[in-house]
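Let's work through a few exercises on pockets and helix packing. Keep the structure open while you read.

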Amino acid sequence: MVLLSFDIEEFDMPLEYQGEIPFEKQISVSQTGLEKILDLLKKHQIKATFFSTVVFAENSKSLIKRLLEEGHELASHTWFHSEFEEKHLKESKDRLEELFSTHITGLRMPRMMPVSKNAVEEAGYTYNSSINPTFLPGRYNNLKVSRTYFKEGNVTQIPASVSPNFRIPLFWLSFHNFPLSLYKKIALHTLKKDNYLNVYFHPWEFAEIKDESYKLPGFTVKNSGIDMVKRFDDFISWLKQKNYTFGTFQEFQKQIGL
């Protein structure tokens with residue numbers, strides 16, 4: 001099974017690089033990208049999981065309702081993208097359920113931040129996909145964490161996929177910066193080894209973000225916008241040709257029985 005997921009959030013990444021972007025633009029950029037994602041998924045008739053902040057969801061109700069109506073799963077990306085308190089775990093879950101009358105069972109922390117395992121369980125989540133089991137200087141040091149899913153208390157941990165050898169991450173930056181043929185080769189090797197693939201993206205990757213005022217490094221905007229739409233369309237078509245199935249995290253959790 002291929003687990004496609006999208007962290008739908010206010011596009012505040014320019015602020016990390018001392019760029020400028022007003023709040024309204026943060027929301028609109030992500031909304032534009034989300035529309036393109038939903039159109040692609042509809043075209044290919046496949047399901048995915050969307051981890052949303054409450055801030056983005058409250059400002060994008062029609063799009064959230066659309067993704068639910070089209071059979072996708074909504075999960076929590078906490079309340080804000082760049083501010084976190086432990087209480088936000090339960091508060092975000094409750095608010096998303098209240099807004100959209102759907103059962104929220106999954107969590108992904110913004111920027112894959114570490115989070116208390118007990119707090120996640122106490123907030124009522126049954127799975128957590130907040131671990132990138134690789135080493136990236138200044139970001140992740142999870143080489144001793146299991147590459148594949150595992151149970152921790154009553155919560156199923158579903159790390160992002162990395163290659164069996166050398167733990168090369170298959171996250172969004174790899175998709176943008178590797179030659180697509182190389183990314184496919186690593187993804188196929190991982191699928192054959194693990195029997196599933198967990199890869200994540202963001203809606204703003206599908207929007208036009210090459211704006212000088214954002215001050216974003218080249219590696220973050222390479223193959224974004226229309227180029228990302230084309231690459232992602234190609235990637236999905238390639239996986240479908242190889243007869244891989246696509247599903248939500250909730251469906252995957254039922255399949256593995258954890």
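Before we start: this is a predicted model, where local features need pLDDT of at least 70, side-chain atom pairs count only at pLDDT 80 or more, and totals for chains, interfaces and linings use all residues. Residues are numbered from 1 along each chain as its sequence is written, and side-chain values use heavy atoms, with hydrogens and water left out.

**Exercise 1.** Find the residues nearest the centre of the second largest pocket, then describe its lining.

*Solution.* Start with Pro114, Val115, Ser130, Ile131 and Asn142, which lie nearest the centre, out of 17 lining residues. (On a 1 Å grid over the protein atoms alone, a pocket is an open set of points where a 1.4 Å probe fits, with protein on both sides within 12 Å along at least five of seven lines; lining residues have an atom within 4 Å of a point.) Next, look at β7 (140-141) and β8 (150-152), which each supply at least two lining residues; strands are DSSP runs of E with at least two residues, and helices are runs of H or I with at least four, numbered from the N terminus. By class, you get eight nonpolar, six polar and three charged residues. Finally, the volume is about 310 Å³, meaning the space filled by probe spheres set on the points.

**Exercise 2.** Work out how α2 (residues 23-44) sits against α10 (residues 226-241).

*Solution.* First, the axes, which are lines fitted to C-alpha atoms over the stretch in contact, come within 11 Å and cross at roughly 25 degrees. Angles under 35 degrees count as roughly parallel, so α2 and α10 are roughly parallel to each other. Then pick out the contact (heavy atoms within 4.5 Å): Lys36, Leu40, Leu41, Lys43 and His44 of α2 touch Val229, Phe232, Asp233, Ile236, Ser237 and Lys240 of α10. That contact holds five nonpolar, two polar and four charged residues.

**Exercise 3.** Now place α2 against α4 (residues 61-69).

*Solution.* These axes come within 11 Å and cross at roughly 15 degrees, so α2 is roughly parallel to α4 too. On the α4 side, look for Leu63, Arg66 and Leu67; they meet Gln31, Leu34, Glu35, Leu38, Asp39 and Lys42 in α2.

Definitions and conventions. Ala, Val, Leu, Ile, Met, Phe, Trp, Tyr, Cys and Pro count as nonpolar, Asp, Glu, Lys and Arg as charged, and the others, Gly among them, as polar. Axes are lines fitted to C-alpha atoms, for helices over the stretch in contact, and angles run from 0 to 180 degrees between N-to-C directions. Angles under 35 degrees count as roughly parallel, over 145 as roughly antiparallel, 65 to 115 as roughly perpendicular and the rest as oblique.
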